[in-house]
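Morning, everyone. Let me put the model up, and then I'll walk you through it.

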There are 2 protein chains.
Amino acid sequence: MGIVVQKYGGSSLSDADAIKRVARRIVDAKKAGNDVVVAVSAMGDSTDELLDLAAQVSPLPPARELDMLLTAGERISMALVAMAISDLGFTAQSFTGSQAGVITDDVHGKAKILDVTPGRIRSAIDEGHIVIVAGFQGVSQQTKEITTLGRGGTDTTAVALAAALDADVCEIYTDVDGVFTADPRIVPAARKLATVTYEEMLELAASGAKVLHLRSVEYARRHNIPIHVRSSFSTLEGTIVTGSINDPAPEGSMEAPIIAGVAHDRSEAKITVVGVPDKVGEAAAIFNALAEAQINIDMIVQNVSAAATNLTDISFTLPTSDGQTAMTTLDELKARVGFESLLYDESIGKISLIGAGMRSHPGISAKFFTALAEAGVNIGMISTSEIRISVIVDQDDVDRAVQACHTAFDLDADEVEAVVYGGSGR
Amino acid sequence: MGIVVQKYGGSSLSDADAIKRVARRIVDAKKAGNDVVVAVSAMGDSTDELLDLAAQVSPLPPARELDMLLTAGERISMALVAMAISDLGFTAQSFTGSQAGVITDDVHGKAKILDVTPGRIRSAIDEGHIVIVAGFQGVSQQTKEITTLGRGGTDTTAVALAAALDADVCEIYTDVDGVFTADPRIVPAARKLATVTYEEMLELAASGAKVLHLRSVEYARRHNIPIHVRSSFSTLEGTIVTGSINDPAPEGSMEAPIIAGVAHDRSEAKITVVGVPDKVGEAAAIFNALAEAQINIDMIVQNVSAAATNLTDISFTLPTSDGQTAMTTLDELKARVGFESLLYDESIGKISLIGAGMRSHPGISAKFFTALAEAGVNIGMISTSEIRISVIVDQDDVDRAVQACHTAFDLDADEVEAVVYGGSGR
């Protein structure tokens, strides 16, 4: 008998009726002959409600206590899911992250999973129970403190459980039908991908596709766990994330598509450090200071310096939420580094074209830039990886840019097939 | 430096403002030079809200999962209290029952504390933290499952922590100013007791006084922990529960008052088993069956049988919430025991007069019954202990009966001093 791990996000668990529907779905998997382990997020908006309560008692709550608070959310949803399953005549037991053996480092608020020791879960499975595990949380190896994994953490919990239990598949239930060639809310003709490789999914997730959390895909790739992304609101097959771009094509298979999809991201801001002296160590000083302030940088562009002044400009993008901290950090650095000024721009968007095929097909960049030009979209920054090209554009141009690229690379479906059901879980 | 344990119930933690007020109170105790350990209940009505959610997904949720669900309530309040303390510039750490070492038996929903192993709490105290502990919950010794202690359990958590930490005092903060000679909502002239013995407090709690939970008083007596019952809404001294009715009176002290107070209880029902054959083993059969159904019986009265029929009636009282189960249980017993019929009455109330002095003062019963008679209150059943007399009366007569007894035993204060602030916590 195989083990199936399922994950349900907050939007699939918004109220008692939703929980009962999820319970029926879980029981169906059990009836089909599987051992079933389920990772759940907190119900609906309850995490935001808890954050709001915290803000009311303290503007800057200690991270340890914030984790203690937020983990109550999954505790509530997992117990209710177990009750709903029991009401269907099946037996279920719920476990906190700590009880489930989800061992993390001790970074409150964004802990990393170090190990999963699923002894209690295995026992519960052996006793015939359906197992419900609180997503998003664990216990730190050194200090035995309760930790949380950050937004999207429940995806990672599910994949980590699947790896530790040697599950056949990790099913991520969400509010869309799978992974699409673009956001169906922007491109109605977006197509659902039947399969996508880990590498492509990583680039999609890193480029703004919200359907799967980046770290869960990394974890799945490392442990070779197939992820099935599908809707909790329908019984359609979703998208299977599996395989590498370096795998040989299966015999008799058609050539893989060149482009997997077009992703976009409106959550970044751009900072330009103007007039940086063009000498050794200046960029290092800037980015070391930002790293010490725990700020994640995405794209970095440095132009050649103007010969006359020997000054250069360095631009980079970062999450808008880190913008204020970054500007303060850089301001303190101004005298030492000796740059001229700082520019800050939140009204940007990032468009990314992702596909394993671009390694062997020259001219992808040219076609991409041409499509953007014909749509009247100006390009602010460019960055590339082996299987991705990203550009920064004006935020108002994002929808138009995505649509234009999707069409230019022949990704449009003949008819609309995407259905978007609700918000997005964590 | 002494350790003070404090307990705050749900009505003292109803919202963010209430939590901030409690945090200031806790910090005051720390500033006064104490090490402070605090047991908290869930916020306001949140336990009832969780129970309501459970009822929506399952009419009969598994007890294990119900405990998992309900313990989320204290997790939320304890983290928020710790945050509010931190916002005042003091350092606090919160701990679940399990983390705090509250070891219980494995009876979900009404577990008993077997032991407290406060290693983590002691470490946190040694590091200078104010410690916040989730009340009402623990972890079972054998199965390592999360358990809850039942309604009022946070009082017991606080007392158990005080005993394990060898605290100077256990302060129970509530929404009244202390223990009164009667419920001030019924008797405006009720007086606050400065002190009361464990035995008297036990009888008061068992007789319907809701200010302290029975098991917490038992625990405090066994470990000789003084309890200070006081209001979280004022700085008045409350009531100290300490000492035994068998202690010698301190030298030079006035004689202890004869009557500590008048308690009442509207939460019981009366069942009469009519026409029970008066032979050996009949009563045993009845009460064994009820015990097997986990029903707690309070008062039992059996009259002498009528000579002509050799039949007797047995009446007993029990929590109204167990009434339906008891009637069903007895109905199944009817053929075997051979009684005639069952009577069920929920419209009863219990009035209890409690005081250590009644052991050495004859005539208390006569005065009690006379006061009731003069108030026109009919007595349905009578039961007594060493320091208590209880009667069952019509529920509509409860207020009048309490008032009459309070006056008859000269308990009325010269002026009204009681203030009642809100609902009651758990």
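Start at Asp410(A). At 64% relative accessibility, this residue counts as exposed. On that scale, buried means under 20% relative accessible area, exposed over 50%, and partly exposed in between, with a 1.4 Å probe and protein chains only. Asp410(A) sits in the segment after α11 (398-408) of chain A. Helices here are DSSP runs of H or I with at least four residues, strands are runs of E with at least two, and both are numbered from the N terminus. The phi of Asp410(A) is near 60 degrees, a positive value in a residue other than glycine. Why mention that? Because most residues other than glycine have a negative phi.

Some ground rules. This is a predicted model, so local features need pLDDT of at least 70 and side-chain atom pairs count only at pLDDT 80 or more, while totals for chains, interfaces and linings use all residues. Residues are numbered from 1 along each chain as its sequence is written, chains are lettered from A and ligands numbered from 1 in the order in which they are written, and side-chain values use heavy atoms, with hydrogens and water left out.

Phe136(A) also has a positive phi, about 75 degrees, and is not a glycine. Where is Phe136(A)? In the loop between β6 (130-134) and β7 (137-140) of chain A. Is Phe136(A) buried or exposed? Buried, with a relative accessible area of 4%.

Now the domains of chain A. Domain 1 runs over 3-241 and domain 2 over 260-410. Those bounds come from an automatic or database domain assignment. The C-alpha centres of the two domains lie 32 Å apart. Contact means heavy atoms within 4.5 Å.

How much area do the two domains bury between them? About 1,500 Å², with 58% of it on carbon and sulfur atoms. Buried area is the accessible area (1.4 Å probe) that two parts lose on being put together, summed over both. On the domain 1 side, look at Ile186(A), Glu203(A) and Ser207(A). Together they supply 37% of the area that domain 1 buries against domain 2, more than any other three residues.

Glu203(A) forms a salt bridge with Arg388(A), and the closest N and O atoms are 2.6 Å apart. A salt bridge is a side-chain nitrogen of Lys or Arg within 4 Å of a carboxyl oxygen of Asp or Glu. By that rule, the domain interface has one salt bridge. Nonpolar covers Ala, Val, Leu, Ile, Met, Phe, Trp, Tyr, Cys and Pro; charged covers Asp, Glu, Lys and Arg; the others, Gly among them, are polar.

Next, chain B against chain A. The contact takes 41 residues from chain B and 41 from chain A. The buried area is about 3,300 Å², of which carbon and sulfur atoms give 62%. In chain B, Val57(B), Arg75(B) and Met83(B) lose the most area to chain A, together 22% of what that side buries.

Two salt bridges cross this interface. Arg120(A) pairs with Glu145(B), the closest N and O atoms being 3.5 Å apart. α3(B) supplies 17 residues, the largest share of the chain B side. That side divides into 24 nonpolar, nine polar and eight charged residues.

Stay with Glu145(B). Arg64(B) also forms a salt bridge with Glu145(B), at 2.9 Å between the closest N and O atoms. Arg64(B) is in helix α3 of chain B and Glu145(B) in the loop between β7 (137-140) and β8 of chain B, 81 residues apart. Both are buried. Elsewhere, Arg64(A), Glu65(A), Glu145(A) and Arg120(B) are linked in a network of salt bridges.

Last stop, within chain A. Arg230(A) forms a salt bridge with Glu171(A), the closest N and O atoms being 3.4 Å apart. Arg230(A) lies in strand β11 (residues 227-231) and Glu171(A) in strand β9 (residues 169-174), so the pair ties together parts 59 residues apart in sequence. Arg230(A) and Glu171(A) are both buried. Over all chains, the count comes to 28 salt bridges.
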